[in-house]
Amino acid sequence: MTPDLLITQDKISLDGKTFIPAEQLPISEWPCVVSERPQPTLTVKDDDLFLVTDTIGNISGCSLNDGNPSMGLFCCDTRFLNRLELQIEGRSPTLLSSTAEKGFSLSILCTNPRIDDRLKADSIGIRREIVLNGALFEEIEISNYSTTTVSFELSISFDADFVDLFEVRGYERPQRGKLLRLVEPIHEDAGQFNGDGAVPVSPHPEAQKAEFLTLAYQGLDGLIMESRIHFQHYLPDHFKGYTAVWRLELASHETQKIGYRINLFTNNTSSSTVSAAFTLGQAKAAEMMEEQNWVQQITRISSDKSTLNHIINRAEQDMYLLRQSFGKYKTVSAGVPWFSALFGRDSIITASQTLILNSQIAKETLQLLAAYQGKTEDEWREEEPGKILHELRLGEMARCQEIPHTPYYGTVDATPLWLMLYGEYYIWTNDHETLEQLWPNALAAMEWIDRNLQATGYLSYYRKSKRGLANQGWKDSGDCIVDRKGDLANGTIALCEVQAYVYSAKIRLAEIARMKKRLDLADRWQEEAKNLKLRFNQDFWIEDQDFCALALDGEGKQVDSVTSNPGHCLQLGIFTPEKAYSVAERLRAPDMFNGWGIRTLSSLSPAYNPMGYHTGSVWPHDNSLIATGLRSLGLIDQALELFQGILDMTNHQPYQRPPELFCGYERNGDNAPVQYPVACTPQAWATGSVFQMLQMIVNLVPDAQNNCLRIIDPALPESINHLSFHNLRVGTTILDLEFERSGNTTACRVAKKRGNLRVVIEA
């Protein structure tokens, strides 16, 4: 149903509600500005919603320049809440404990500071629970632990700036829309909120007590966004602008409860794709049920070490949390808070890493990205026929064409990576239906690659869009493509790992073409891969360093810095054997391996910065790809050393969750790894690295088409004696595998098998 929207000079009406511009409100009703920067933060996520608060559950900053810029309640790349501040008598509570362990909920226990002579410190217990499930729910229990009756005011201040996530990240806008507020507060029956908006159905027993506070904004595109706050249990006694105030009187050991729900709307339609529950209890139950269904579908992995089990369990839960709905498909968003969106490269690599966990992620990722595959020439979005997207955004800046992310196609590697995943998915599943469904997309993707190979023989990039990315590989920051002198490369850039992706894509697609009796394509792609390998080993090899160049620049010259990028090539077969071993050895030198992992750039480079995003930091996913490459060369001890370093690093992280990246400082003794200031956590391919590393150590090689699983020379590190995989799916077979280490030998046993898959264990 199309909302009834009417705009006059000073009023806006939407389906019978009247808004006025917020600047017409008395200044006393504007929320205060708090400049304090709370650290650290708590993060929770549910599908397309995520919330970042301080450790007490508050969001205190109220503008782009105040507080922690990443804090707020976000949906569809819009911040629907930038203030959520619980206070007692105008003071912040004192934190006792808090956790975001469940991922979709916060649990916080706090108490009161001393309030003059009226309220002794630590006499009031305040228990907060916040849950996301298509909306934000909070219930607060307030208990009096003193021996006498006490009276005090409890308040919650709300505000919503409705800024685009790109503004939060620092993009400046010359103009914005208008903040709005309802002329009259809403008093109405509280009905169930469903996916089509606020519709009164099956009223709750307390519906007659319901009261709403609405925060609203009209964007430059005319859309009206709202954060509707519905109070439950004990309603506020009064409001001060956007602050709800309760006057509480509690007898000794009496407990009272207050609560609210915040639903998000765009033009009177639910902004979230998830149908919201009515109460916190229902929301929590819905989340627990969905998570339990997820757990039953995935491979369950466990070991004899509790530390590793914590990491695995956290990674399993984070993969569930990072899943996000895009139309009829669901794939993993790249990371919270900055990249809770659909990405090409990130989603593909994560799907590949987690084929051992759940192949459905790969299937829906392939299908979703195929649905957005480029169809036309569009320089603003850098779209080209057959090309796989880089990033899709849904916020106001995208809708108003201030950024090209609708979607934006400025990535050089997503297309060959999509083809690689297409082949990998089939190897794991033997899913002929999906293979046939996506075959036209595979042909279009290969045609895009071949068109772009014509100029130089290598797949390269060069920014065309004025708001696009200068660098379009996985290292996409502006300062990372440097030569050995630390100077930036110029012109078109042909990255080394991208050529390996093209080589692998042609090899894998040739095998599929041969199976489909398309011998013309199979022979052509096989020959093209062979020629690419020959040229690559000549043009990219730095003779005086016995290493592979990061890239070739616009003049065909080597960008000859020592980086982690060639490590991605190791498992893909593009190097000659002697060059592969030389790269493997160089990556483990002290200027690259810092004890936790391999740096993105050598510490000997003039451009090295241990805090640089891509110029000296360490990325878990980068290391998992390199470790897999080392394993493929038979360098088992070296691969296990890398596994152990990343494992040790993860043990130091909050919730045992691998971050997007961490600083490249040397590991010394018992020191902890140095955190990168604004790393995403959870982050998709960092989480996926856990599963890729586990597959690497046991070395599973599936071949579902031929109904076979090979396990080649499995090797558990000294820190693990036992590792098991339950509910592992290869083709139509489900099996349980047990790995046991004795000295330097690791044995494998098929504990259970449902299906006729042949399991071949090779020492």
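C110 counts as buried because its relative accessibility is 0% (buried means under 20% relative accessible area, exposed over 50%, partly exposed in between, with a 1.4 Å probe and protein chains only). C680 is buried too, with a relative accessible area of 0%. Look for disulfides across the whole structure and you'll find zero, taking a disulfide as a pair of cysteine sulfur atoms within 2.5 Å. For C680, the nearest cysteine sulfur belongs to C663 and sits 15 Å away.

A word on the ground rules: this is a predicted model, where local features need pLDDT of at least 70, side-chain atom pairs count only at pLDDT 80 or more, and totals for chains, interfaces and linings use all residues. Residues are numbered from 1 along each chain as its sequence is written, and side-chain values use heavy atoms, leaving out hydrogens and water.

Now the sheet. It's an open one of three strands, ordered β28-β31-β32 with antiparallel pairing; strands are DSSP runs of E, at least two residues, and helices runs of H or I, at least four, numbered from the N terminus. Two strands pair if DSSP finds at least two bridges between them. At the edges are β28 (494–495) and β32 (558–559), each pairing on one side only. Strand β31 (residues 551–552) is joined to β32 by two bridges, and A551 has V559 as its bridge partner in β32.

Finally, the helices: α7 (residues 414–429) packs with α9 (residues 439–453) at about 145 degrees, their axes 9 Å apart. Here axes are lines fitted to C-alpha atoms over the stretch in contact, and angles run from 0 to 180 degrees between N-to-C directions.
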